[in-house]
Amino acid sequence: MSEYFEFYNPVKLLCGESALENIPYELERLGAHRPIILVSRTMMQNGILEMIGGHYHAVIESDIPKDSSFEVVDDLASRARVEACDSVLAIGGGSVLDTAKAVRVLLSQKKMMLRELLGSEWLTHGERIPFIMVPTTSGTGSECTGVAVVQDDKLKVKQEIVSDSFLPDVAVLDPRCTEKLPPKLTASCGIDALTHAIEAYTGLQKNPLSNAYAYAAVQLIGKNLIAAVREPKNENYRMAMAYASAMAGIAFSNSMVGVVHATAHALGSVCGVPHGEAVGLMLPRVMRWQLDTVEQGYSELLCAFCGPEYYAETPARQRGEKLIEAIEDTLLHLHQKCGIPTTLKEAGVQPKDIRKIVNLAANDGALLVSPKSARKEDIFEILQNMK
């Protein structure tokens, strides 16, 4: 246990049935009168703004690309200034939420370009800009993390930017937001949340509070992920995955992630592999590679993921390996059910891409808190051993 640690989670959560309808009240409570609403095109077409209701003068933007960039953020912040917006409401998946985080910070800090803030600790609070987030997937946990991933088109990489200023005032988890999520996306988002929780639980910055959130998230995912893919209309499964995603987000926002995410970021930048699918490819391979370092943590998580009965009947020395096997079985099931890739070839990764992926991953900040030091040759070996 760390002798000293910090834990921060100031987000108010609205959860469950009719949570969306409380957003107008929350905007009023926060003093917001003219929000810029960043919403995914799909949710806009599904009528989510009509579900929310309310009467306020809003500026609406639904044309946000899958991999949002610095330029998109700068343009949206500029539009918000011109339109005299005083708050931000974000409704969508990871790209929409990350874009909204960056826009909110630019408005708060009164900066024109996101690049101006790279490398800054952002110690000043800046102008208060009310901020509400509504996730429409259950994977990134972005609604509870001080992290934003934005594409840097100049450097051709995804920049992972960390700041407490990214955290919203309110996050809304409503079962209607994920009811039309395709099975493949439900699966890949669930694996992303699982990876957040496992890396948070075993990383160098873990602490008792982050571990509590991470363990609970693994427990919920173990019980509900496959069921949510099989029965997408079941609100109980969808909400369980939404809770797990948020708790995993809280966990890794305080303890960070590791080698799985470092390589997944590189797979996304070099080959365009969707993030949830990329972490699914890497998770069991990286877990087996670092099993000798974090076997105790994996042994504990076996109980969460597979249940106390299975944990009790598994010999102590085998529990870490059995967790990896259980995750491999889950990934295989999801591959058969909805086609998430289980090999680099299935994900569209070519042998010629490996060196570039290794070089990018080796410079990813996530490696700093990895429980096992990963060198270029280690990452190369992991990738080379993948079928």
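Predicted model: local features only at pLDDT ≥ 70, side-chain atom pairs only at ≥ 80, totals over all residues.
Colleague: R115 and D152 tie together parts of the structure that are how many residues apart in sequence?
Modeller: Helices (H or I, at least four residues) and strands (E, at least two) are DSSP runs numbered from the N terminus, and a salt bridge is a side-chain nitrogen of Lys or Arg within 4 Å of a carboxyl oxygen of Asp or Glu. R115 forms such a bridge with D152, the closest N and O atoms being 3.1 Å apart. Because R115 lies in the loop between α5 and β5 (131-135) while D152 belongs to strand β6 (residues 147-152), the separation of the parts that the pair ties together is 37 residues.

Colleague: How many salt bridges does the structure hold?
Modeller: Side chains of opposite charge can pair when their charged atoms come close. In this structure the number of salt bridges is 18.

Colleague: Which parts of the structure does the pair of R104 and D169 tie together?
Modeller: R104 is buried, with a relative accessible area of 11%, whereas D169 is partly exposed at 23%. The two form a salt bridge in which the closest N and O atoms are 3.8 Å apart. The pair joins parts that are 65 residues apart in sequence, because R104 and D169 lie, respectively, in helix α5 (residues 94-109) and in the loop between β7 (157-162) and β8 (170-173).

Colleague: Which residues are linked with R29 in a network of salt bridges?
Modeller: The side chains of R29 and E26 meet in a salt bridge of 2.7 Å, N to O, and these residues are about one helical turn apart because they are three residues apart in helix α1 (residues 23-29). R29 counts as partly exposed at 39% relative accessibility, while E26 is buried with a relative accessible area of 2%. Together with R29, the network links E26 and K12.

Colleague: Where is the cysteine sulfur nearest to C144?
Modeller: A disulfide is a pair of cysteine sulfur atoms within 2.5 Å, and by this rule the count comes to zero. C144 is accordingly in no disulfide, and its nearest cysteine sulfur lies 8.5 Å away, in C15.

Colleague: What are the ring-plane angle and class of the pair F7 and Y213?
Modeller: Rings of Phe, Tyr and Trp (its six-membered ring) pair if their centres lie within 6.5 Å, with planes under 30 degrees apart counted as stacked, over 60 as edge-to-face and the rest as tilted. A search of the whole structure finds two aromatic pairs. In the pair of F7 and Y213 the centres are 5.7 Å apart and the planes stand at 15°, so the class is stacked.

Colleague: Where in the chain do F7 and Y213 lie?
Modeller: This pair links distant parts of the chain, 206 residues apart. F7 is in the segment before β1 (12-15), and Y213 is in helix α7 (residues 208-230).

Colleague: At what angle are the ring planes of Y201 and Y215?
Modeller: The ring centres of Y201 and Y215 are 6.3 Å apart, and the pair is tilted because its planes are at 45°.
Y201 lies in helix α6 (residues 183-202) and Y215 in helix α7, so the parts tied together are 14 residues apart in sequence. The angle itself, to repeat, is 45°.

Colleague: Which residue lies over the face of W289?
Modeller: A charge sits over a ring if NZ of Lys or CZ of Arg is within 6 Å of the ring centre and within 35 degrees of the ring normal. R355 lies over the face of F380, at 4.0 Å from the ring centre. Over the face of W289, at 4.5 Å from the ring centre, lies K372.

Colleague: At which residue does α7 bend?
Modeller: α7 has 23 residues and reaches 34 Å from its first C-alpha to its last, close to the 33 Å expected, where the expected span is 1.5 Å times one less than the number of residues. A bend is the angle between axes fitted to the seven residues ending at a residue and the seven starting there. In α7 the bend is about 45°, at N224.

Technical notes
Residues numbered from 1 in each chain as written. Heavy atoms only, no water. Buried < 20%, exposed > 50% of the residue type's maximum accessible area, 1.4 Å probe, protein only.
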